[in-house]
Amino acid sequence: MAKAILFDVDGTLIDTNDLHAAAWVEAFRDFGFEIPFEEVRSQIGKGGDNLIPSLIPPEKLQDKQEEMEDYRSELYQRSYLPRAVPFPGVRALFERLADDGVKIVLASSAKAKEVDFALGILGASDLVHATTSADDVENSKPDPDIFQSALKKVSPLGAEDVVVVGDTPWDVKAACKAGLRTIAVRSGAFPDTELLEAGAAELYDGPEDLLRNYERSLLANGKQA
């Protein structure tokens, strides 16, 4: 059995991927860039440090990337985050993991304030061992920094004792770079092919489906030989 699970938050535990994309589209427009929603949506799961350069050539940013990130974050927290709702089954899944003595860590590319808000609407702060966010690291997903930071919070457990649960190819790629196996969930609405090609070991529809299949999943069989 895995001894710790590192959960991505947006698109994995709460239904926010479209909200994030819409906030980015609005922020880009306010800075003079018209980028289609679907183009932005495909990059959700990355933090702003990696998302912005994926969509706007650096020479066009004119040193405004940090300003844009801050603007988008404030816009998202004010106008979009209040619409966020948890996916079904999160609390029940966390309770099952806690009953088995598994440490639960939230490991997100979002800002710490957004992770705190998510923890509140999940109603599961009593079950979460630790959180880590973009504020704790130099680089966001798909760089491995966030999962590496999360691993430190479950020390002395090693990568062989830990499984990641995420919804985007960027979660999976970041976990692979950190030497971790990933369960991918479809709740973030990324194609199965992209998740599997990124390196996902298993696929489930979302937290509720993962709980239904708990005994045969990496959650229950997650220690490497």
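A: Let's begin in helix 5 (residues 65-80), where arginine 78 and glutamate 74 are 4 residues apart, so about one helical turn separates them. Helices (H or I, at least four residues) and strands (E, at least two) are DSSP runs, numbered from the N terminus. This is a predicted model: local features need pLDDT of at least 70 and side-chain atom pairs count only at pLDDT 80 or more, while totals for chains, interfaces and linings use all residues. Residues are numbered from 1 along each chain as its sequence is written, and side-chain values use heavy atoms, leaving out hydrogens and water.

Arginine 78 and glutamate 74 form a salt bridge, their closest N and O atoms being 2.3 Å apart. The term means a side-chain nitrogen of Lys or Arg within 4 Å of a carboxyl oxygen of Asp or Glu. Arginine 78 has a relative accessible area of 48% and glutamate 74 has 42%, so both count as partly exposed (buried is under 20%, exposed over 50%, partly exposed in between, with a 1.4 Å probe and protein chains only).

The whole structure holds 13 salt bridges. One of them joins lysine 141 to aspartate 8, with 2.9 Å between the closest N and O atoms. Lysine 141 lies in the loop between strand 3 (130-132) and helix 8 (145-152), and aspartate 8 in the loop between strand 1 (4-7) and helix 1 (17-30), so this pair ties together parts 133 residues apart in sequence. Lysine 141 is buried at 0% relative accessibility, and aspartate 8 is buried at 5%.
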